[in-house]
Amino acid sequence: MGRRSGVGSSSVLKLSFRIAKHPWIASKLAKLQVEKWLFNQIASPSTKDGMARQVRQVSIRITDICNLRCIMCGQWGPTGFLHGKDLRELKREEVSPVRYIECLEDLVAHGHHPIVYLWGGEPTMYDGWLDVLNACKRLKLPTAIATNGTRLAQHAQAIVDSRMFLLQISIDGPDKEIHNRIRRGVGSADSYTAIQEGIAAVREARSKSGGELPLIASLTTVSKENYQHLTGIYEAYKDKVDLFVFYPAWWIDEESADAHAKDFQRRFGFEPALHRGWVGGWKPSDYAELDAQLQKLKELGKQPGSPPVILIPDISGVDNLHKYYTDHKESFGFDQCISICQVVEIDSNGDISPCRDYHDYVVGNIKDHTITELWNSERFRIFRKSLAQDGLMPVCTRCCGLMGY
């Protein structure tokens, strides 16, 4: 069995009591992780038919619109695939909240009770995001969100009321100068200050409600701009958040991009384009310093009463870190994509794709079909069979669906 991403036992112990008070959430998280661990024994689809079992997570890139232009983003960053798109057209193509709710109700009616994960773009810039969260609360579907944090303060009470279990906030620097240099606002926006106000507002609303949720996570993309400041981020936010997640930038080089285009063409009969938005150069200049930062983070996260640290993927050692950034064929034991058998990835226009980041391959659209109808459709099964029979594609080794899910 290949490696699976997961949460360390010490982190689980520190956080479990917060979730355990909400059994309808805890049970679904537990089932997801157990199925990941025992995937080949209980959930792996046959290479002959590509059929999958339960939908364990619905991941919705609910909008492409974003108020930041982060330098490592494959969507709106320097090489992002959304450059040149008409913003008004992107908004017109979005799925209505009513349709999302209908599809989620249909999933529940067919025995699926997934976790629902919202991201973007910036998901809080989608007009109906709170409607979707409240519908999930009614349906007892646990929810999580990944946000740049710039619009949290105005929605803090609504977030707490939605019973969201995980609020992930992108934090890439210990101070205003570093964070804002990486997560650049459109115009003169100060994302750092907005995050401070947003975290404070959510913590206050959570405290007044007497509850434990949502868990507030600092979500840091490790890049050449901040790899020397990771412990600084921890120290700056250890009294403000409940856990820290650090992960290296998901990026590919030109060689991998070219190899992927050829391999994808051979498998599926057309050439992909969206993966080139993730071509970048995020190599740190000092792997020993990065390793020292990661090792110190692990130590900090183990201290009694301190927020836990999760590294995704958990790669350490100078040689291994060098391989991660220079050898894109190296998968570090993550040799099987299981997210395509557990997760539905929905693009902002309603397209369903097996891949979150490299979503050229589309199996259908939820404006015309339900998720249930598309989950084991012929096109979805063709994709699963391809990865089961021919193995990973060249870009897969630097994908959150492989190493981060």
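A search of the whole structure finds 13 aromatic pairs, where rings of Phe, Tyr and Trp (its six-membered ring) pair if their centres lie within 6.5 Å, and planes under 30 degrees apart count as stacked, over 60 as edge-to-face and the rest as tilted. The structure is a predicted model, in which local features need pLDDT of at least 70 and side-chain atom pairs count only at pLDDT 80 or more, while totals for chains, interfaces and linings use all residues. Residues are numbered from 1 along each chain as its sequence is written, and side-chain values use heavy atoms, with hydrogens and water left out.

| Pair | Centre to centre | Angle between planes |
|---|---|---|
| Y247 and W250 | 5.8 Å | 20 degrees |
| F268 and F383 | 5.3 Å | 10 degrees |

F268 in helix 11 (residues 254-268) and F383 in helix 15 (residues 378-390) are 115 residues apart, so the pair links distant parts of the chain. Helices are DSSP runs (H or I, at least four residues), numbered from the N terminus. Both F268 and F383 are buried, meaning under 20% relative accessible area with a 1.4 Å probe and protein chains only. Y247 and W250 are buried too. Ring pairs join F264, F268, F270, Y361 and F383 into a cluster.

The axes of helix 5 (residues 97-109) and helix 6 (residues 129-139), lines fitted to C-alpha atoms over the stretch in contact, come within 9 Å and cross at roughly 20 degrees. Helix 5 and helix 6 are therefore roughly parallel, a term for angles under 35 degrees.

Terms used. Axes are lines fitted to C-alpha atoms, for helices over the stretch in contact, and angles run from 0 to 180 degrees between N-to-C directions. Helices (H or I, at least four residues) and strands (E, at least two) are DSSP runs, numbered from the N terminus. Angles under 35 degrees count as roughly parallel, over 145 as roughly antiparallel, 65 to 115 as roughly perpendicular and the rest as oblique. Buried means under 20% relative accessible area, exposed over 50%, partly exposed in between (1.4 Å probe, protein chains only).
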